Amino acid sequence: MAAYFCGHFSYMEFVLILILGGTIDGATYNPLPFSVAVMVLERLLIKCECNMEIVFATNNLHKLEEISALLGENFQLLGLKDLNISEEIPEDHATLEENASQKAWYIYNRTGKSCFADDTGLEVSALNGAPGVYSARYSRMGEITFPDMKPAEGNIRKLLMELEGVTEREARFRTVIALILNGVECQFEGIVKGEITLDSSGAEGFGYDPVFRPAGYHKTFAEMDLELKNQISHRAKAVQQLTEFLTGM
Ligand code: IMP
């Protein structure tokens, strides 16, 4: 099933373009025959009652709370624990888009419930976009590995080694969210641009935060107030698009 980037559409606009015809990100869609349009409307609109249940494919309580607050009362957000899903969800593709999609479809096929999943990577220009989709396990891969260090520590150590002597340190965090609503997939993207610092600094946050300085700021993510990071981050931007789409239904 094709996935659509839906960040700049409301849900209603998206549905109307699919039914009446129009253009989404350069692709042209012809109007649907009447009987098919009725079926799509039934699937996409009639099932979207108030207080809709939606599953987020995560066990991270912090992420669940944050998104639940943004979605408001009309949505009941469930995590994997709420559904007693404890197995590891496969994510074995080479792009963030494919991984987010794979996780969301896995949960949709397993539960039949509308759901979404996210995947994030740090993309460093001088490293041709690495560590990217492999950000979580960077220090366990390739020629330079730090198997005895905690992953976050090893990842940072390896990144700084790879960039030793490199002056062009442009990087970005990118989050992709794949949403499956009544069998139709839609994707949202959030990006924050910045650069990799020469050394680690700061104690807040997680992952690569101590070495990522967002553009326009003098502090790394790990030196920032968490509240500020959560307002400007890649994840915040992707989640904002998701919530605008869902709450605009
Ligand atoms: P996930 O897809 O959210 O699990 O992120 C994958 C990996 O990207 C994490 O294990 C971290 O190494 C890194 N990462 C994701 N988001 C952030 C962030 O906000 N700050 C620092 N590192 C991050």
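Predicted model: local features only at pLDDT ≥ 70, side-chain atom pairs only at ≥ 80, totals over all residues.
How many nonpolar, polar and charged residues does the shell around the ligand have?

1. A word on the model and its overall make-up. The chain holds seven helices and 10 strands. Of its 249 residues, 33% count as buried. If you take the contacts between residues at least 6 apart in sequence, 52% of them join residues at least 24 apart.

2. Now the ligand. By class, its shell has six nonpolar, seven polar and two charged residues. There are 15 residues around the ligand, and those that come nearest are Thr120, Ser135, Ala136, Gly207 and Tyr208. Strand E6 (residues 115-124) gives the largest share of the shell, four residues.

3. The strand pairing around E9 is worth a look in your viewer. Strands E8 (residues 170-181) and E9 (residues 184-196) run antiparallel and are joined by 12 bridges. Two residues lie between the strands in this hairpin, and Asn182 takes a positive phi near 50 degrees there. E9 is also joined to strand E10 (residues 212-214), again antiparallel, by three bridges. Glu195 ties the two pairings together for the eye: Glu195 is the bridge partner of Glu170, and Glu195 also stands opposite Arg213 in E10.

4. Next, the nonpolar cores. The largest one has 30 residues, of which Ala104, Cys115 and Phe116 touch the most other members. Strand E4 (52-56), helix H4 (96-111), E6, E8, E9 and H7 are the elements that give two or more residues to this core. Apart from this core lies another, of 15 residues, including Tyr138, Ile156, Val192 and Phe212.

5. Not counting residues up to four places away in sequence, Phe116 touches Phe56, Ala57, Ala104, Ile177, Ala178, Leu179 and Leu242.

6. Finally, is Lys237 buried or exposed? Lys237 sits in helix H7 (residues 234-247). Lys237 counts as buried because 20 C-beta neighbours lie inside 10 Å, and the cut-off for a buried residue is 20 or more. Leaving aside neighbours within four places in sequence, Lys237 is in contact with Gly190, Ile191 and Val192. Thr175 is 62 residues from Lys237 in sequence, yet their C-alpha atoms are 8.4 Å apart in space.

Methods:
Residues numbered from 1 in each chain as written. Buried ≥ 20, exposed ≤ 12 C-beta atoms within 10 Å, placed from the backbone. Contact = placed C-beta atoms within 7 Å. Near = placed C-beta within 6 Å. Nonpolar A, V, L, I, M, F, W, Y, C, P; charged D, E, K, R; others polar. Pairing = 2+ DSSP bridges. Core = buried A, V, L, I, M, F, W, Y, C linked by C-beta atoms within 7 Å.
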